[in-house]
Amino acid sequence: MVVLDRLVRSRTAAALTSPHGVDHYLSRINPMWAAHEVRARVVDVRRETDTPGAPVATLTLRPTATWRGHRAGQYVQVGLDLPGSARRMTRCFSISSPASGAGEEIALTVRAHADGQVSKHLVDAAPGLLLHLSQAEGSFTLPVSPATPGIDPLLFITGGSGITPAMSMLRTLLRDGYDGRAGRPVTFLHHARSPEDQIYAAELARIAEDDNDVTVHLRHGDARFSELELRRLAPGFRDTDTWACGPAGMMELVRAAYGDSPRLRLEHFKPPATATGSAEGDLRFARSDRRVANSGASIFEQAEDAGLSPVFGCRMGICFSCTTRKAEGTVRNVLSGAESSLPDEDIQICVSAPAGDCVVDL
Amino acid sequence: MKPHLTPDQLDAFGAEMDALRRRVLDDLGEDDAAYIRGIVRRQQQLEVLGRALFYLPPAWPLAVAALSASKILENMEIGHNVMHGQYDWMGDPHLNSRIYEWDNVCPGEQWKYSHNYIHHTFTNVLGKDRDIGYGILRMDEDQEWHPYYLGNPVYALLLMVFFEWGVAMHDLEVENIVRGTRTMEDNKALHAGIMRKVRRQALKDYLLFPALTGPLFPLTLVGNATANLVRNVWAFNIIFCGHFPAGAETFSEEECEDESRGHWYYRQVLGSANISGGPLFHVMSGNLSHQIEHHLFPDLPAKRYPEIAPEVREICERYGIEYTTGPLRRQLASVARKICRLALPDRSPKPSGGQEAVRPLAA
């Protein structure tokens, strides 16, 4: 097996199978065979909530042997071949299952957004569905080893689907800790829209009840966490290692409460943006950390005006030299007028103008 | 040459082309995906068949034929078109222009610069489009004659035989180094990329696959080289028939300064020539037999070109823009005549501004 494994990953195999690559031929024989790529088969789909318009489901995935495992809190890019459109859509989802080893099963907890083609399809997926994965990515992770007891407290503050990376960390602590304990004081604060919309309700109730060093506080609906309550539930929170993930409003509140404390780690998730008009909002160049007011011109021109020198070619939308990853926001194709709001999408910046706030990888 | 259309007419022409393009873009879907995946499957079958038949020495000609067909399909209908970004909309990394690396000694990254950007943006603009004669040949009357060009037919023959190597060295702009407008330093960065690709291609075709056939090593090696040669000859001929037969025009840099989108479309039609033929011929040419449609819409899936060709032709005829097309043998003869004719200095001095005199009689 090891020899075979070495062989299919070798440069010899790559040369022999070029230009399509080893993986292309392997997947022809069996979709679950891979040398480099990661694919996964959905083996179980379980409804978490039946919230009207935004149901949540947990999908258990069996990845190919190429999956290198993940650290609790990381996310994975999921590519889904949407039936009927021939387009593969790729989105990021946090992994909700505890830290995994190479080739081990993982779970994703997905909320179906009203205009999220991928999320809607995943929540209603049937076992057997094949997905294209990346390796685990992201640095919103737990640096402590769960197996070693410590005294430093940990704090998780999450809202809505933002619970998933924190849940992966909590599950990892309880799984790997001695005698089912987290091994250090853990405070877990979570807000959901309603009790019916509470993900992992039964599991959280059990965790709250058990003698495991974990304190769980759930809030629903209008009962939101405030700074005052944060002080009461987690005294000295500014000096506590904290992981926060949730909707924008909650994140702002948390950020304000923590000031410039280095203990706070934030993870944003990116729902498809809605367009706000043609020349409004800010255009942010993520890699160079610059922000300009959107002038309505093409992203390429605005980048040049900001003193950046993006790669370019024809400047008229035919040569694809300037293709750049748009992290979030809506862009309008100046040739066709078509708008696109998908996160993490490759766009031709010479013929794309931002419509409202927009973040590009330049 | 000067456009015989007014700027307003050019804008109207451009708007019609834009509308046609948008209609096809809106219609992209499963058929296009199924088509390209089907072509990939067919190409892989041919390649596996070709490589396997080398184990049967009597089937050697068949093996070479299958491998040649596979290489032609891969370079023309798959590699060229995928690297144009024609299938980027599918979101499949395997068919993505930024990832795909074709079976050719020219590194995709460099080819995309010289082809997608330079050639497709400045199509047939003298002094800018380096695909006019590839910096080696004299393919246009407006290229000044020099005794060097007496060898025009010989250079063309050599370029045909070693076409993929010519394409790989295209970006080094050797002619500009000779002219002194480019230094060897400028090429340093490109050398590593070319050498890496050359090593990979040579490893595959001239070492690994021959070695896998054991004692038949020399036969397989010669077979692989022959398949590469066949692909070179075919690709050269299709491509030269796309821009250089009589009827295809060249432009000066001044004419194209601040040009409108309409003028750009206009230039693409006049700078290209189609080759008529059957469906199999179109597939094997990567649909570059529809060079005009390809140059108008380089990022639309190539299988759409034959579909929209009648409409493109109708629009061009309505605006009185010449739409050059002809069967392969006629276009080939026309290109060959041109290569030979331009080896010699022009017989009569060109009348100033007389475009009719420059326009050849054929086509």
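Welcome to a predicted model, where local features need pLDDT of at least 70, side-chain atom pairs count only at pLDDT 80 or more, and totals for chains, interfaces and linings use all residues. Residues are numbered from 1 along each chain as its sequence is written, chains are lettered from A and ligands numbered from 1 in the order in which they are written, and side-chain values use heavy atoms, with hydrogens and water left out.

**The whole chain**

Chain A holds 9 helices and 17 strands; these are DSSP runs numbered from the N terminus, helices being H or I with at least four residues and strands E with at least two. The table gathers some overall values.

| Property of chain A | Value |
|---|---|
| Radius of gyration | 22 Å |
| Box along the principal axes, C-alpha atoms | roughly 65 × 55 × 40 Å |
| Residues that count as buried | 50% of 362 residues |

A compact globule of 362 residues would have a radius of gyration near 21 Å, so the value for chain A agrees. This radius is taken over C-alpha atoms, and the globule rule is 2.2 Å times the number of residues to the power 0.38. Buried means under 20% relative accessible area, exposed over 50%, and partly exposed in between, using a 1.4 Å probe and protein chains only. Among contacts (heavy atoms within 4.5 Å) with a separation of 6 or more, 64% join residues 24 or more positions apart.

**A sheet of six strands**

In chain A, an open sheet of 6 strands runs in the order E4-E3-E6-E1-E2-E5, with antiparallel pairing. Strands E4 (88-94) and E5 (106-111) stand at its edges with a single partner strand each, so one side of each has no neighbour in the sheet. From one strand to the next, the twist averages 40 degrees; angles run from 0 to 180 degrees between N-to-C directions of lines fitted to C-alpha atoms.

Which strand pairs with E4(A) over 7 bridges? It is E3 (residues 75-81) of chain A, in the antiparallel sense; two strands pair if DSSP finds at least two bridges between them. Here A:Asp81 stands opposite A:Arg88 in E4(A).

**A buried glutamate**

A:Glu229 sits in helix H7 (residues 227-233) of chain A. Is A:Glu229 buried or exposed? Its relative accessible area is 14%, so A:Glu229 is buried. Leaving out residues up to four places away in sequence, A:Glu229 touches A:Arg219 and A:Arg224.
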